[in-house]
Amino acid sequence: MHFNQPAGAGHEEAGMIEASCLCGGVEWSVEEPLGTMSHCHCTRCRKAHGSAFATYVGARASGFVLRAGVTIGRYASSAGGERCFCTRCAAVVPGEPAGKWIFVPAGNFHADPGVRPNAHIFAASKAPWYTVDDGLPCFDAWPPGSGGAVLEDFDRRAAAGENPK
C-alpha cells in the first residue's frame with residue numbers, strides 16, 4: 001500500500017480505477033479486480049454519508065494507492081473504528097485497510113468500476129423512510145461467514161456526552 005504521494009500525481013495505469021474526494025485534494029486508485037460492493041444501512045454509515053445507505057467496494061490493500069494533497073481528517077465513530085474525510089471538502093475518503101482488504105466509497109470513482117452491488121448489509125438499521133425493493137439480498141448485519149464485528153446502534157446525544165432523556 002502506498003500513501004501520501006502528491007495529489008495530481010494520478011496515473012491511469014492498466015487495471016487501476018481512479019477516485020477522488022469532491023475537491024480533488026485526496027485522490028486514490030485501486031487495482032482491479034475489485035471485490036464485493038454492498039450498500040450498508042448501519043446508523044454510522046447513514047449519518048456519515050447523509051443518505052439512506054453508503055455503498056462501499058472492497059479492493060486488495062496491496063493495490064491501493066493514496067495521493068493526499070490535503071490533510072485527511074479522522075473521526076472515531078466507534079471503539080476501534082474511524083471515519084476518514086477530506087478536511088477541505090468533508091467528502092468521505094478511504095480509511096485504513098482491514099487485513100488484506102480496503103473498503104472504499106463507491107460514489108467517488110471517476111468511471112464505472114465494473115462491479116455492481118450484491119447485497120444490503122445492516123438492513124435491520126435502515127432508515128424507516130427507505131424501502132429496499134431492488135431484489136438484492138438483505139442481511140440484518142454482516143452476511144453469514146464474513147466475520148465482521150457488529151456494533152450496537154448508538155444514540156447521537158449519548159455519543160456526544162449529552163443526557164439522552
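**Aromatic cluster, cores, strands and cysteines**

Phe-53, Trp-129 and Tyr-130 make up one aromatic cluster in this predicted model. Across the whole structure, 3 aromatic pairs were found. In the pair of Phe-53 and Tyr-130, the ring centres lie 5.5 Å apart and the planes stand at 70 degrees, so the arrangement is edge-to-face. This pair links distant parts of the chain, 77 residues apart: Phe-53 belongs to the loop between α1 (43-49) and β5 (54-60), and Tyr-130 to the loop between β10 (117-121) and α2 (156-159). The rings of Trp-129 and Tyr-130 are also edge-to-face, because their planes are at 85 degrees, with centres 6.4 Å apart. Trp-129 has a relative accessibility of 62% and therefore counts as exposed.

The largest nonpolar core contains 24 residues. Val-26, Trp-28, Val-30, Leu-34, Val-93, Val-104 and Phe-109 have the most contacts inside this core. Two or more residues each are contributed by β2 (16-20), β3 (26-31), β5, β6, β8 (81-86) and β9 (101-105). For Leu-34, when neighbours within four places in sequence are left aside, the contacts are Ile-17, Val-57, Gly-58, Ala-59, Phe-109, Pro-113 and Val-115.

Leu-66 is located in strand β6 (residues 64-68). With a relative accessible area of 6%, Leu-66 is buried, the cut-off being under 20%. The C-alpha atoms of Leu-66 and Ala-19 are 9.6 Å apart in space, while the two residues are separated by 47 residues in sequence.

An open sheet of 4 strands has the order β9-β5-β4-β10, with mixed pairing. Strand β4 (residues 37-40) and β10 run parallel and are joined by 3 bridges.

Strand β7 (residues 72-78) is joined to β8 by 6 bridges, and the two strands run antiparallel. The bridge partner of Gly-73 in β8 is Phe-85. Strands β7 and β8 form a hairpin with 2 residues between them. Gly-80, in the turn of this hairpin, has a positive phi of about 80 degrees.

A search for disulfides across the whole structure gave 0. For Cys-21, the closest cysteine sulfur is that of Cys-23, at 3.7 Å, which is too far for a bond because a disulfide requires the sulfur atoms to be within 2.5 Å. Cys-42 is likewise in no disulfide, and the nearest cysteine sulfur, in Cys-40, is 3.6 Å away. Both Cys-21 and Cys-42 are buried: the relative accessible area is 4% for Cys-21 and 13% for Cys-42.

Notes
Residues are numbered from 1 along each chain as its sequence is written. This is a predicted model: local features need pLDDT of at least 70, side-chain atom pairs count only at pLDDT 80 or more; totals for chains, interfaces and linings use all residues. Side-chain values use heavy atoms; hydrogens and water are left out. Buried means under 20% relative accessible area, exposed over 50%, partly exposed in between (1.4 Å probe, protein chains only). Rings of Phe, Tyr and Trp (its six-membered ring) pair if their centres lie within 6.5 Å; planes under 30 degrees apart count as stacked, over 60 as edge-to-face and the rest as tilted. A nonpolar core is a set of buried Ala, Val, Leu, Ile, Met, Phe, Trp, Tyr and Cys residues joined through side-chain atoms within 4.5 Å. Contact means heavy atoms within 4.5 Å. Two strands pair if DSSP finds at least two bridges between them.
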